[in-house]
Amino acid sequence: MIIGVGVDMIEISRVVRACERGHFLETVFSGREIAQMDKRKRRAASDFAGKEAVVKALGTGFAGIEAGEIEILRNEDGAPCIELHGKAKEKAEELGIRDWKISITNTKELVTAFVVAST
């Protein structure tokens, strides 16, 4: 059963500029996410849109949930996947969410992430 759906669209250049400030990068992204970016700051925009879509699917926004508690990683095939920690994981468990699906697409200027949370 679907519990929540979230979608987010963001300007890639806005996130790339924010990443130039080390504090943003270290606050919003985990070490694993930063390692997967491998200096590709455009990937940061995809991951940030994914985080936004997750909190929308949870129905909370970032109220009480830190961006760093949501990881947007890539599996061995390169497909994006979601891993939750802390309050984000607690909220998902409270809602009975056991499965996450995420799709990310981008153009030269925009990235869109779509998330489905289900039991």
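**Reading strands, helices and burial in a predicted fold**

Colleague: Which residue stands opposite Asn106 in β5?

Modeller: Val111 in β5 stands opposite Asn106. Before we go on, this is a predicted model, where local features need pLDDT of at least 70, side-chain atom pairs count only at pLDDT 80 or more, and totals for chains, interfaces and linings use all residues. Residues are numbered from 1 along each chain as its sequence is written, and side-chain values use heavy atoms, with hydrogens and water left out.

Colleague: How many bridges link β4 and β5?

Modeller: The general idea is that strands of a sheet pair through backbone hydrogen bonds, either parallel or antiparallel. Here β4 and β5 (residues 110-118) are joined by eight bridges in the antiparallel sense. Two strands count as paired if DSSP finds at least two bridges between them; helices (H or I, at least four residues) and strands (E, at least two) are DSSP runs, numbered from the N terminus.

Colleague: What is the strand order in the open sheet of three strands, and which strands stand at the edges?

Modeller: The order is β1-β5-β4, paired antiparallel. Because β1 (2-11) and β4 (99-106) each have a single partner strand, they stand at the edges, with one side of each left without a neighbour in the sheet. From one strand to the next, the twist averages 10°.

Colleague: Which strands does helix α1 touch where it packs on the sheet?

Modeller: Contact means heavy atoms within 4.5 Å. Helix α1 (residues 12-19) touches β1, β4 and β5, and its direction makes about 80° with that of β1. Helix α4 (residues 41-58) also lies across β1, β4 and β5, running at about 145° to β1. Axes are lines fitted to C-alpha atoms, for helices over the stretch in contact, with angles from 0 to 180 degrees between N-to-C directions.

Colleague: Is Val15 buried or exposed?

Modeller: Buried means under 20% relative accessible area, exposed over 50%, and partly exposed in between (1.4 Å probe, protein chains only). Val15, found in helix α1, has a relative accessible area of 3%, so Val15 is buried. Leaving aside neighbours within four places in sequence, Val15 is in contact with Ile10, Phe24, Ala44, Ala45 and Phe48.

Colleague: Which way do the residues of β2 point?

Modeller: In a regular strand the side chains alternate between the two faces of the sheet. In β2 (residues 70-74), Ile70, Ile72 and Arg74 point one way, while Glu71 and Leu73 point the other. Five of the five residues in β2 are buried.

Colleague: And which strand is joined to β2?

Modeller: β3 (residues 80-84) runs antiparallel to β2, with five bridges between them, and Glu71 stands opposite Glu83 in β3. Five residues lie between the strands of this hairpin, where Gly78 takes a positive phi near 90°.
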